[in-house]
Amino acid sequence: MYCNKKRTYHWLASNDPVPMTPKPSIHQQKVLLCVWWTTAGIVHYELLPSGQTITAEIYSAQLDRASVALHQKQAALANRKGVVFHQDNARPYTAKITRETLARLQWEILPHPPYSPTIPDCILSNFYF
């Protein structure tokens, strides 16, 4: 949503100080959406509170909640051969706490593809939410 509030003009005498008007923000407050899905559809999603970033602790807790949601919504898929999980290679995803959580859940990690000079950077950036 774009809300551009107009500034008002003032007629002032030559010796009057100019009133200060703060510049309005043109961007809405942002939140982070974390989504886990399978080929059958969305399994679990969470919105982080405004101003909060993802850390290894938060991500590990989200993985636990996503695992519970996966077993509730798509138990046959989760119990078939185990979960094959694909994630990005950002720091919170590769931290020790996260690796321990994934080992406890017994999820197989699909490796992130290495950089390829034939794939433009804009395609690789689509892995981020």
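The side chains of Asp 64 and Arg 104 meet in a salt bridge, with 3.1 Å from N to O. The term salt bridge is used here for a side-chain nitrogen of Lys or Arg within 4 Å of a carboxyl oxygen of Asp or Glu. Asp 64 lies in helix α1 and Arg 104 in helix α4 (residues 96-105), so this pair ties together parts that are 40 residues apart in sequence. Helices (H or I, at least four residues) and strands (E, at least two) are DSSP runs, numbered from the N terminus.

Before going further, a word on the model: it is predicted, local features need pLDDT of at least 70, side-chain atom pairs count only at pLDDT 80 or more, and totals for chains, interfaces and linings use all residues. Residues are numbered from 1 along each chain as its sequence is written, and side-chain values use heavy atoms, with hydrogens and water left out.

**Salt bridges**

A search of the whole structure finds 2 salt bridges. In general, side chains of opposite charge can pair when their charged atoms come close. Besides the pair of Asp 64 and Arg 104, there is a salt bridge between the side chains of Arg 65 and Glu 46, at 2.7 Å from N to O. This one links distant parts of the chain, with Arg 65 in helix α1 (residues 56-73) and Glu 46 in strand β2, 19 residues apart.

| Residue | Relative accessible area | Class |
|---|---|---|
| Asp 64 | 27% | partly exposed |
| Arg 104 | 52% | exposed |
| Arg 65 | 40% | partly exposed |
| Glu 46 | 15% | buried |

What does Ser 60 touch, leaving aside residues up to four places away in sequence? Its contacts are Ile 97, Thr 98 and Thr 101, where contact means heavy atoms within 4.5 Å. The C-alpha atoms of Ser 60 and Ile 97 are separated by 6.9 Å, although the two residues are 37 apart along the chain. For Ser 67, with residues up to four places away again not counted, the residues touched are Leu 105 and Trp 107.

**A positive phi at Gln 106**

Most residues other than glycine have a negative phi. Gln 106 has a positive phi of about 60° although it is not a glycine. You will find Gln 106 in the loop between α4 and β4 (108-110), and at 67% relative accessibility it counts as exposed.

**A nonpolar surface patch**

β1 (33-38) and β2 (41-47) each supply at least two residues of the patch, and the largest share, 3 residues, comes from β2. Val 31 sits in the segment before β1 and is exposed, with a relative accessible area of 53%.

Methods:
Buried means under 20% relative accessible area, exposed over 50%, partly exposed in between (1.4 Å probe, protein chains only).
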